[in-house]
Amino acid sequence: MKIDIVIPNYNGSHLIKKNIPHVLKALKDFKDSSIIIVDDCSTEEDKRQLRLAIDSFNFSSKTPITLIEHKKNMGFSSAVNTGVKASRADLVVLLNSDVMPKEDFLLSPLEKFKNHPDLFAVGCMEESIEGDKTVLRGNGKGAWKRGLILHSKGDVKEERTFWVSGGSGVFKRELYEKLGGMDKLYNPFYWEDIDLSYRAQKSGFTILFDNKSVIEHRHNEGAIKTHFKKNKINTTAYRNQFTFIWKNITEPTFLVSHSLWLPYHVLSAIARRDSAFLKGLIYALLRLPDIISQRNHQKSLYKLSDREVLSLYK
């Protein structure tokens, strides 16, 4: 089974240099596999450092590393999609530049793909470095509450997960492309992997979490935390939460619930002076035509209702 690893980069050449040796170790026993790095228009100096690092790794390693450069910054979804489109592997592994995989992290997910023909993706267990603590993450839960889709941290002992992270997951490439990949509506970041996982489940495919597949993830070193201010991050998260609901939810009772609860959420945001929520809602409304277009395009693949999908996570 051929495997390619796709890594998006935005001004993170120092992370690539630190973590790629661990990625190469994980691929050493896989023939015809490769690493695809997509640079999302970093600074000229970062791109120069990245090219030098890749040349050095290609000289010393049997696993080829390909660099694809975007001419303009497009966002996480677009960068990942570019990498997957360049792959011809059976499976694509999506890793953030701030992720360090354990040497055997691919072995258990491969067994899952062999045993589950309808399997779309497998999520890795993240040893998330948060200050002086290590928190085990990677499993997620989802629920419909007060007219909104809410996601939260799940139990890492559970195999069923609401989504597979786009920064540490193994995906069946053919199905990834069939589903249209990650939606660029979510650029520059957040909710794109939840969206893809949800669409996969509504289309009848399975996603799983694997606590034997371990990676180390230093979130504070990644592009989002180092290049974007907190208000921008929160605004984008709220915008994409509304985008997710309007694009994916088709259950009539959920849509009625969303409409009835929305005024309450707006008034609550005003009362607590949550400008990020209000701006996120406005920005989502401005792109409503594109959201509706995507909604109409993707719904032909659906086999399960929202209620059936969410019932898996009660």
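Hi everyone, let's start with L286, which counts as exposed because its relative accessibility is 65%; exposed means over 50% relative accessible area, buried under 20%, and partly exposed in between, with a 1.4 Å probe and protein chains only. This is a predicted model, where local features need pLDDT of at least 70, side-chain atom pairs count only at pLDDT 80 or more, and totals for chains, interfaces and linings use all residues. Residues are numbered from 1 along each chain as its sequence is written, and side-chain values use heavy atoms, leaving out hydrogens and water.

So where does L286 sit? You'll find L286 in helix 10, residues 275-286. Helices here are DSSP runs of H or I with at least four residues, strands are runs of E with at least two, and both are numbered from the N terminus.

Now over to strand 6, residues 119-130. Is this strand mostly covered or exposed? Mostly covered: 10 of the 12 residues in strand 6 are buried.

Which strands does strand 6 pair with? Two strands pair if DSSP finds at least two bridges between them. Strand 11, residues 206-217, runs parallel to strand 6, with nine bridges joining them; there, V122 has L208 as its bridge partner. Strand 10, residues 168-172, runs antiparallel to strand 6 and is joined to it by three bridges, and G123 partners G169. Strand 7, residues 133-137, is also antiparallel to strand 6, over five bridges, with E130 bridging to K133.

Last stop, the turn. Strands 6 and 7 make a hairpin with two residues between them, and G131 in that turn has a positive phi of about 65 degrees.
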